[in-house]
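Q: Please walk me through reading helix packing and ligand contacts. I would like the general idea each time, then the case at hand.

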Amino acid sequence: MGVKFENVTKMYVGNRPAVKDLSLEVQSGELLVLIGPSGCGKTTSLRMINRLEEPTSGTIYVDGRDVRSHNPIELRRSIGYAIQQTGLLPHMTIEQNIELVPRLLKWDKRRRHERTRELLALVDMDYETFASRYPRQLSGGQQQRIGVLRALAIDPPVILMDEPFGALDPISREVLQTELKRLQSKLHKTVVFVTHDIDEAMRLGDRIAILRDGQLHQIGTPDELLNSPKDEFVAKFIGRLFAFPRTSVDTVRQFMQTGMPQIHQESPERGRIVQIENAPLWCWVDSEGVLKGTSFELPMDKDQWNAARWTDGDLVAVKETDSPGEALKRLVNGDTEALPVIDEGHRLVGVVTHRSAIKALSSGVEERSA
Ligand SMILES: Nc1ncnc2c1ncn2[C@@H]1O[C@H](COP(=O)(O)OP(=O)(O)OP(=O)(O)O)[C@@H](O)[C@H]1O
Ligand SMILES: [Mg+2]
């Protein structure tokens, strides 16, 4: 069951078009990634597919049929939808959350129950342990899995995903990407997947559509985009600029700033706030040294050690085994001077700065040309 955009434009009152003359086709069983700068129209495009928004002009087809000929409520039930905020209902258990749509469709109890078990098994979550819990009793990654399972509940042929892993730390994100890839190789859904993260796009997408100012800028397989980016915009976007020749510096470990973390604040329940050398970054770690958050200001009030103050919910870090190019890419994408470096166990082991990453890269380049 494919999805097709035909000259679709969406105008919001008093704005430039959010989506402009968009034509593109998602094949049945294909995972298409929509990517592009903030505000380029990704979410709007997605929401027009299940009629959470209506196009100003143009037509969207699902399975060859104009979506306007569907009842919007039925259409939404027949298309899976997973979003960054998970949309899980806090007062319902995991089981009740997963069976929300099956219940609306009047599946009998037994069938719903079997489906919930089957879905939890798909992501290796034990039914006995998790089904009766509430969303807040799950980790961020587990909640995100449930969000995806809920989108799969009635086995819809089409699934829309809007930055479903956007709020996760890099390690959980990678785990879920791998899971999604494995699921998709079994289930062959038609998936439209929105992301900001080019690595995620490259990893997951059968094809990637780059949007810019509401327009389709280039579409192709990851290889096609890597090998023949249409212009500088695409080249920059896919990080060709960062595809430096292999330098003598291979990993972040070789040039990150390390040293005894200076402890600024400490609490028995919450852990510590530390600074490595004079890096312009404070890191919050637990008693095991596992990174919980970062901040560019030192919080003065101990009572305010809550996650919201830290990294704004999106914990960006670099792994010590990452390449200098990857580190630089994350620094640039995150528009930040410094990032924490973590080891396999997610423990804080150092800090990279913009300067140190560029230096590491250029030292390698100089060595080569010498
Ligand atoms: N309800 C609305 N009313 C007016 N303008 C809107 C509305 N929703 C979105 N827009 C505008 O439409 C444009 C596209 O928004 P959209 O949410 O689709 O972007 P996006 O690519 O998903 O961005 P992001 O990566 O930040 O999520 C933006 O300029 C946005 O301000
Ligand atoms: Mg969006």
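Q: Is the crossing of α7 and α8 left-handed or right-handed?
A: A crossing is left-handed if the near helix is turned anticlockwise from the far one by less than a right angle, and right-handed if clockwise. Here, α7 and α8 make a right-handed crossing. This is a predicted model, where local features need pLDDT of at least 70, side-chain atom pairs count only at pLDDT 80 or more, and totals for chains, interfaces and linings use all residues. Residues are numbered from 1 along each chain as its sequence is written, chains are lettered from A and ligands numbered from 1 in the order written, and side-chain values use heavy atoms, leaving out hydrogens and water.

Q: At what angle do α7 and α8 pack?
A: Axes are lines fitted to C-alpha atoms, for helices over the stretch in contact, with angles from 0 to 180 degrees between N-to-C directions. Helices are DSSP runs (H or I, at least four residues), numbered from the N terminus. The angle between α7 and α8 (residues 170-187) is about 20 degrees, their axes being 11 Å apart. They are therefore roughly parallel (under 35 degrees; over 145 is roughly antiparallel, 65 to 115 roughly perpendicular, the rest oblique). In contact (heavy atoms within 4.5 Å) are Gly141, Gln144, Arg145 and Leu152 of α7 with Val175, Leu176, Glu179, Leu183 and Leu187 of α8.

Q: How do the axes of α5 and α7 cross?
A: Those of α5 (residues 109-122) and α7 (residues 140-152) come within 10 Å and cross at roughly 130 degrees, so the two helices are oblique. The crossing is right-handed. Arg115, Leu119, Leu120 and Leu122 of α5 meet Ile146, Leu149 and Leu152 of α7.

Q: Which atom of Lys42 lies 2.7 Å from an oxygen atom of ligand 1?
A: A polar contact is a pair of N or O atoms within 3.5 Å. For Lys42, a polar side-chain atom lies 2.7 Å from a ligand 1 oxygen; for Gly39, a backbone N or O atom is 2.8 Å from an oxygen of ligand 1.

Key:
Polar contact = N/O pair within 3.5 Å; in protein donor to acceptor, adjacent residues only side chain to side chain.
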